[in-house]
Amino acid sequence: MTELVREENYERLMRKIVEPGLAAMREEIDMPLSGGGTLRAEVYNRLDATRAVVILHGYTESAEKFREMAWYFIHAGFSVFAMDHRGHGRSVRALEDTSITHVEHFEDYLHDLEEFMEKVVRPRMQGGTLCLYAHSMGGAVGAFALMEHPDWFARAVLTAPMIAPVSKPLTPGLARAVAGAMCALGQGKRRAFIGKPFDPASETLETSCSTSRARFDYYERKRVENRHLQNCSPTYGWVREAVSVTRKLLDPQNDAKIVTPLLLCQAGLDTIVCLPEQEQFAAQVKGARLIRYETARHEIYNSTDDVMERYVDDVIGFLSE
């Protein structure tokens, strides 16, 4: 069983033990992209590691948000590679306003990952065993990677993957139509009407994707202090691209391309992504397992200790098999 960073002393443990321990072994990389700009990455390379895990964060997140999980992976014997997707963290952005998330084409995320694998991950692994841990939007990117590059990863965990984003108050079709129309009018980089500028007062645990007060507060303080972590709104271009992934990810022919042993972790209280589509995806991927955490919200990795105990062991246990 993994030794958990517990809620009771969470901030003290993170600031006094976890963050200094990670900083001592962290390599920060600004990887040049072939299309311009750089991709920021965090690498934790254990010389005695038998496996490594690539972490792909979700929409409005960052590699930094997954440092608790990185700590668990490292202590389980993994090296860790975590990057900020374009438009997030300190990676290249299309807009100066760091509260807005934009991408021209969803495939750009996959192309960035391909460069990250070739320029950073593979040279450092030298043929070692690679695994994938991908959350939400990163889960969609990871799913495409499993389809296009079946030889990359020995095992993969998709946690609350964005197989189909919740589009309320609009239907998916209407959201696609509105976003497409705004893009056609040259407004693709404009903040979508569903978004607002970053406002700490509106960021509450009750309306968040977390169930742990300690974990939510810890990262929220980082967001307030660092504008690079303040993503909170999509552009119309991002919405158009996000709602387009479902058709591809639920195509049985595409899902048949996935041969990597796969675990899908589902949050029972998720209001960000659609659960039936996750279940359909898992059913269409041969041999895929699905574990449901009934009392977890979208960010399962930011749950209360009782859920985290099970979740962390499930994830690390699966990737260690």
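Let's start where two helices meet: helix 1 (residues 10-25) and helix 6 (residues 213-225) pack at about 60 degrees, and their axes lie 9 Å apart. Axes here are lines fitted to C-alpha atoms, for helices over the stretch in contact, with angles from 0 to 180 degrees between N-to-C directions. So helix 1 runs oblique to helix 6 (under 35 degrees counts as roughly parallel, over 145 as roughly antiparallel, 65 to 115 as roughly perpendicular, and the rest as oblique). Helices (H or I, at least four residues) and strands (E, at least two) are DSSP runs numbered from the N terminus.

Before going on, a word on the model: it is predicted, so local features need pLDDT of at least 70 and side-chain atom pairs count only at pLDDT 80 or more, while totals for chains, interfaces and linings use all residues. Residues are numbered from 1 along each chain as its sequence is written, and side-chain values use heavy atoms, with hydrogens and water left out.

Which residues in helix 1 meet helix 6? From helix 1 come Tyr 10, Glu 11, Met 14, Arg 15 and Glu 19, and they touch Ala 214, Arg 215, Tyr 218, Arg 221 and Lys 222 in helix 6 (contact means heavy atoms within 4.5 Å).

The structure holds one cavity of 30 Å³ or more, and the largest cavity has a volume of about 130 Å³. On a 1 Å grid over the protein atoms alone, a cavity is a set of points where a 1.4 Å probe fits but cannot get out; a pocket is an open set with protein on both sides within 12 Å along at least five of seven lines; and lining residues have an atom within 4 Å of a point. Grid points are joined across faces, edges and corners, and a volume is the space filled by probe spheres set on the points.

Of the 15 residues lining the largest cavity, Tyr 10, Glu 64, Lys 65, Tyr 218 and Tyr 219 are the closest to its centre. Helix 6 gives the largest share of that lining, four residues.

The second largest pocket holds about 190 Å³ of space. It has 15 lining residues, and the closest to its centre are Arg 40, Glu 42, Glu 64, Arg 67 and Arg 90. Strand 2 (residues 38-44) contributes the most to this lining, with three residues.

Stepping back, the protein has eleven helices and ten strands. Its C-alpha trace spans about 55 × 45 × 40 Å along the principal axes.
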